[in-house]
Amino acid sequence: MDLARPEVAGPARRGRTGNAARLALMVLPVAFFAVFFAWPVVSIVERGLRPDGHWEPGRLTETLGSPEILDVLWFTLWQALASTALTLLVALPGAYVFARFDFPGKGLLRAVVTVPFVLPTVMVGTAFLALVGRRGLLDELWGVRLDTTVWAILIAHVFFNYAVVVRTVGGLWSQLDPRQEEAARVLGASRWRAWRTVTLPALGPSVGAAALMVFLFTASSFGIVQILGGPAYSTLETEIYRQTADRLQLSTAAVLTLVQFAAVGAVLAVHARMVRRRETALRLVPPERTAARPRGAGQWLLLAAVLLSIGLLILAPLAVLVERSLATPTGYGLDYYRALQSVDENGTFLVPMTDTIVNSLQYALAATAIAVVIGGLAAAALTRRAGRLVRGFDALLMLPLGVSAVTVGFGFLITLDEPPLDLRASWILVPLAQALVGVPFVVRTMLPVLRAVDERLREAAAVLGASPWRAWREVDLPLVRRALLIAAGFAFAVSLGEFGATVFIARPDNPTLPVAVARLLGRPGELNYGQAMALSTILMVVCAVSLLLLERLRTDRTSGEF
Amino acid sequence: MNTKKAAAAALVAALGVTTLAACGGGDGGKDKATGTPAPKTVTLVSHDSFNASKEVLAEFTKQTGFTLKVLKSGDAGEAVNKEILTKGSPQGDVFFGVDNTLLSRALDNGIFTSYEAKGLDRIPAALQVDTEHRVTPVDSGDICVNYDKQYFADKKLAPPQTFDDLAEPAYKDLLVVENPERSSPGLGFLLGTAEKYGDAGWQDYWKKLKANGVKTVDSWELAYNQEFSGSAGGKKAKGDRPLVVSYASSPPVEVLYSEPQPKVAPTGVSTGTCFRQTEFAGLLNGAKNPEGGKALIDFLISKKFQDDMPLQMFVNPVTNDATLPELFTKHGVVVDKPETMAPDKIAANRDQWIQQWTSLVLK
């Protein structure tokens, strides 16, 4: 029981209206998940386990008894745990630095660390191999090679998920009032003790949320494991893909999907327990007030260390791609970029590849809109103390992050095949599929902030005669706007770089950027390779610029009175 | 927030989403809007590598009155599996891109319906493997080891020409292949060795290859652009394997996409290491526009399409009246005796061979 809420929670009648309101908010998110997630997944699993109208429970024990599958499960689990731990270790100092320090280029750097999210994994693989592979940078300097080792996978996971921690934790951190920690220090607490007793508990839920997302992402990692690990490593996700798309062994895939469900469910349960205990109302202030220029040798050193780690882990691989896009046989130049502007006479794309930028942005905007609406409603419904049903709903929203994309995709095929929902050839399928991954970001980024809003502010507004809608608009919205934009940025980046669903649907005359990159890499020749690198570089720039613009939207109104 | 307000908010949001969906319908479903009684669109489902030039697509519409819509459905194996899953309620009218390695699976699952295309007499009988005409051969291509000419010139070493050569000590640690389970050139190469050495010998051959330092990666893109020293991508990535499993058409494509185009291709083909793939198209069972589908199959083996194909998909035409582009005749090779295998035999052994290969080479 926390101090901020129960005493003023009001009579039972209000509780009932609250529940009704919550149910109303949940209608749309629930419908969305039922139609675009639960139904497809259940159908495909059923197809696998009940091939001829009879359940075959024997498949379960048969599959789970196989030592190969057990190896896969074990590897999936430990690499995800290791990746999550490593990501937190590297990125939490980064979250602190972004939240608390002012330094030139901060906004740009925050956008840049999110770029890995949009890059097609084959490009990331290429960039990493150039650094840690044979005759890569490490090899030339110290004779260290990490390709086809698990280290390459772990480091690439940090590269990918750094932004998850910086954005979810940093978002809340920058709004925590530093004066609380200062007060503790005035009262004689050491710096460490003040941080541990004041700041850490406040950050708990968002650190938990970030860890959870990184875990789900790395547990269902596909491209990275396939490219950097080589054929010898496989995770649950690559195994489901292999069984479904390559071998059409739906029964095995179905069993593995159930295992995935169970595992994700367990993780969510643990997470929910950990976080709920620690959630408290917090004093939130505008981020502009909390950040300052670093002072003293310690702070400068920390800033330097964080910048160095970003430089090595994120900027260096990105720089490799840029370098390759500029390196022509006759020295550095913009030849490959110029080639992108011309319509390929041989008809590879039928449009200048610069058009793919517009296509990508349109898809990503639509997906972001859907994710923000669905995720926003869900987060609003989940804000207040909730019963078991609602908590279950909370967990349900996270499932798409941990469930195999190929399962969902194949499920779409066999369920959304009749009018009015024959979406298999409609462009809306792409943003819908992308939004499934975007919604959890929106919910998880907004929830810690929404829950941190002091209930007494809402009560005060109500006492002063504000309608609940007005109270929400005046109290919650200003505080949440920043989190909403951060979440939207994520959803946008995820959609911009999304490949699986898009390649399925993109027509020859409107490919997206990642699809065009993949097609170029799929054919021999220097011009194709160079253009793929140039297009990837453009993808990075488009992503960074979009995120910067989005952050600019976080405006002045947030700095008003709370 | 009270119920009414919350409901109103939910409604507004719902309207937002449905509006979006409606826009989607307007954009993506043009065909639906214009073609209610007799569909004017014919939908081709294919793998990601499908390509045709703009002119040829326009020509199809001019000849038949149908507009072609292409749905790319993943790589070849994935695309076929999706058709099997959606049997009876197919995503399109025609499927193109099932090859001899997967043909039996597609036919056994009954996803195609018979149609005898116009112009079949121009296709060699040997390629027309299905007597019921459920599928029509459209193109063929050879999966072969490619070599880096520069490397072998520098070492004053003759490039390998046959499967046997690849196991010779002179070529130790030089070859990179793809995982046959994940990649179709990888599978083709494995089938080539199985055909060449037979059930009794192919495993021994792979033991020798393994002892000779063969490297395996999961995809053609990685093998060719990353590991192979002869390709443009491989050079930048400092690839150090001068031998790679790719296609007989790869050298001409290297030339086509270079600026300026070199007089001689930087890579060559080991013609004694080839496996021939044939790709087929078929009318889908339950097609909404079977007439359009039939017209499309006829068109796929028309001279216009067959002539266009080599520079679009880097495969060879199957009809005897097609003309190969100069690029292919100048920089390509003619593979005289490729290994090939009947679809039934592949179907019967495929999974087992892959499994044996995996425990032999990867473990």
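Which residue's side chain does A:Glu239 meet in a salt bridge? Select A:Glu239 and A:Arg242: their side chains meet in a salt bridge at 2.8 Å, N to O. A salt bridge here is a side-chain nitrogen of Lys or Arg within 4 Å of a carboxyl oxygen of Asp or Glu.

This is a predicted model, in which local features need pLDDT of at least 70 and side-chain atom pairs count only at pLDDT 80 or more, while totals for chains, interfaces and linings use all residues. Residues are numbered from 1 along each chain as its sequence is written, chains are lettered from A and ligands numbered from 1 in the order in which they are written, and side-chain values use heavy atoms, with hydrogens and water left out.

**Stop 1: salt bridges**

Stay on the opening pair. A:Glu239 and A:Arg242 are three residues apart in helix H11 (residues 236–246) of chain A, so about one helical turn separates them. Helices (H or I, at least four residues) and strands (E, at least two) are DSSP runs, numbered from the N terminus. Both A:Glu239 and A:Arg242 are buried. Buried means under 20% relative accessible area, exposed over 50%, and partly exposed in between, with a 1.4 Å probe and protein chains only.

The side chains of A:Arg242 and B:Glu181 meet in a salt bridge of 2.4 Å, N to O. This pair crosses between chains, from helix H11 of chain A to the loop between strand S6 (175–178) and helix H8 (184–211) of chain B. A:Arg242 has a relative accessible area of 13%, and B:Glu181 is buried at 12%.

Next, select B:Asp218 and B:Arg182. Their closest N and O atoms are 2.5 Å apart, in a salt bridge. B:Asp218 lies in the loop between strand S7 (215–217) and helix H9 (220–227) of chain B, and B:Arg182 in the loop between S6 and H8 of chain B, so the pair ties together parts 36 residues apart in sequence. B:Asp218 is buried at 4% relative accessibility, and B:Arg182 at 17%. Over all chains, the count of salt bridges is 20.

**Stop 2: a buried arginine without a salt bridge**

Go to B:Arg241, in the loop between helix H10 (232–236) and strand S8 (243–247) of chain B. B:Arg241 is buried yet has no salt bridge; the nearest side chain of opposite charge, B:Asp240, is 4.5 Å away. For charge, Lys and Arg count as positive and Asp and Glu as negative, while His and the chain ends are not counted.

What lies 2.9 Å from a polar atom of the B:Arg241 side chain? The backbone oxygen of B:Leu175 is there. The backbone oxygen of B:Gly213 lies 2.7 Å from a polar atom of the B:Arg241 side chain.

**Stop 3: aromatic pairs**

The whole structure has 30 aromatic pairs over all chains. Rings of Phe, Tyr and Trp (its six-membered ring) pair if their centres lie within 6.5 Å; planes under 30 degrees apart count as stacked, over 60 as edge-to-face and the rest as tilted. Select A:Phe32 and A:Phe33, an edge-to-face pair with 5.5 Å centre to centre and 70° between the planes. A:Phe32 is buried at 5% relative accessible area, and A:Phe33 at 1%.

Then select A:Trp173 and A:Trp195. Their ring centres are 6.4 Å apart and their planes at 40°, so the pair is tilted. A:Trp173 lies in helix H7 (residues 150–173) and A:Trp195 in helix H9 (residues 191–219) of chain A, so the pair ties together parts 22 residues apart in sequence. A:Trp173 is buried at 4% relative accessibility, whereas A:Trp195 is partly exposed at 24%.

In chain B, select B:Phe163, B:Phe189, B:Tyr197, B:Tyr205, B:Trp206 and B:Trp357, which ring pairs link into a cluster.

**Stop 4**

Select helix H3 (residues 54–64) of chain B. Its buried residues are B:Val56, B:Glu59 and B:Phe60. They cover an arc of only 105° around the axis, which puts them on the same side of H3(B); the arc is that of the directions from the helix axis to the C-beta atoms. On the other side, B:Lys54, B:Glu55 and B:Lys62 are exposed. Just after H3(B), B:Gly65 takes a positive phi of about 85°.

Definitions and conventions
A polar contact is a pair of N or O atoms within 3.5 Å; within protein, one must be able to donate a hydrogen and the other to accept it, and residues adjacent in sequence count only if both atoms are side-chain atoms.
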